[in-house]
Amino acid sequence: MAQRVRVAFSRRARHYDAAASLQKAVAWRLARHCRDLTLPSGPRADLGAGTGLLSSALEQQRPGSTLLRLDACAALLEQGEAPGARLLWDLNDGLPESLGGAALLVSSFALHWLENPAVSLRQWCDALGPGGWLALAVPTAGSFPQWRQAAAAAGVPCTALVLPEVRQLLAVVAPRLDLRLGAPLRFSQNGPSGRALLQRMRAVGAGTTATPPLGVGAWRRIEAHWAGGPGGKRLSWEVLMLLGRKPQGRAER
Ligand SMILES: C[S@@+](CC[C@H](N)C(=O)[O-])C[C@H]1O[C@@H](n2cnc3c(N)ncnc32)[C@H](O)[C@@H]1O
């Protein structure tokens, strides 16, 4: 799965920034939350940085600060015109030692691609130094209700990627960080058809799932059951926005 994810993002790397409107909006919003944070000294990194939408937004809103852009996909890392350093790294292997005692770890739309998001999230919390901050945006299990309902009504499996539960992620961070923000937000896109909405997701390389692909007939049935309104059809994301600080001097648990 990890290899397929990398290949899919590599194929679409040149088109990522132009197609990633949702990711841009979320990155800008998360960066705003980080704009005025008081940071201790220590490493700063964007985990699963891709082309660096989040680190760039943060560097624009917080002039003078640069972040290490870390990602498993070389083609995406090469797209960004980053002032900061880049590191080709598979987050399924944990974090590099150089990020121990981190002052700021940020990540947007990346955690859900990892093999065990809860385990990785715990590693990220544990890598923070005292007073260090974690800023995270991740799509969660309440995403794509329209797609799920259409698939259920059509009697066809929903082949969406399995996304982590908000509850499960909050259970990891709550004992480790003082949370300033930890709420799921809803983002929606409208389009002429369910197919067109899913095509937008594939356009950024984010179409990989663990389930076998459906045939044309099954997709037709899903489309027929995908509820529409005056604005066309809709696809919604539930995105957990999380901002937390490692307490000064708290022992790791
Ligand atoms: C949807 S993109 C988000 C990129 C960027 N954070 C943004 O907001 O635009 C998901 C990113 O996660 C990266 N990714 C997926 N699996 C990874 C892994 N195992 N290790 C490191 N990065 C990974 C992908 O290469 C891709 O850059």
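What percentage of the 253 residues in the protein chain do buried residues make up? Buried residues account for 39% of them, where a residue is buried if 20 or more other C-beta atoms, placed from the backbone, lie within 10 Å of its own, exposed if 12 or fewer do, and partly exposed in between.

## Basis of the model

This is a predicted model, in which local features need pLDDT of at least 70 and side-chain atom pairs count only at pLDDT 80 or more, while totals for chains, interfaces and linings use all residues. Residues are numbered from 1 along each chain as its sequence is written.

## Overall fold

The protein chain holds 10 helices and 8 strands, these being DSSP runs numbered from the N terminus (H or I of at least four residues for helices, E of at least two for strands). Its C-alpha trace spans about 55 × 35 × 35 Å along the principal axes. The radius of gyration of the protein chain is 18 Å, which agrees with the value near 18 Å that a compact globule of 253 residues would have; the radius is taken over C-alpha atoms, and the globule rule is 2.2 Å times the number of residues to the power 0.38.

Among contacts between residues at least 6 apart in sequence, 79% join residues at least 24 apart, a contact being a pair of residues whose C-beta atoms, placed from the backbone, lie within 7 Å.

## Helix H1 and the ligand shell

The ligand is surrounded by 24 residues, of which the closest are Gly48, Gly50, Ala72, Cys73 and Leu91; a residue is near a molecule if its C-beta atom, placed from the backbone, lies within 6 Å of it. Helices H1 (2-11), H3 (21-34) and H4 (53-61) each supply at least two residues of this shell, and H1 gives the most, with 3 residues.

Val5, Arg6 and Phe9 are the buried residues of H1. They lie on the same side of H1, because they cover an arc of only 95° around the axis, the arc being that of the directions from the helix axis to the C-beta atoms. Helix H5 (74-79) is included in what covers them, whereas the face of H1 turned away from its buried side carries the exposed residues Gln3, Arg4 and Arg11.

## Two phenylalanines with positive phi

Phe109, in the loop between strand S4 (102-108) and helix H6 (117-127), has a positive phi near 55° although it is not glycine. Phe109 is buried, with 24 other C-beta atoms within 10 Å.

Phe144 lies in the loop between strand S5 (128-139) and helix H7 (145-154), and its phi is also positive, near 60°. Phe144 counts as buried, since 22 C-beta neighbours lie inside 10 Å.

Technical notes: Contact = placed C-beta atoms within 7 Å.
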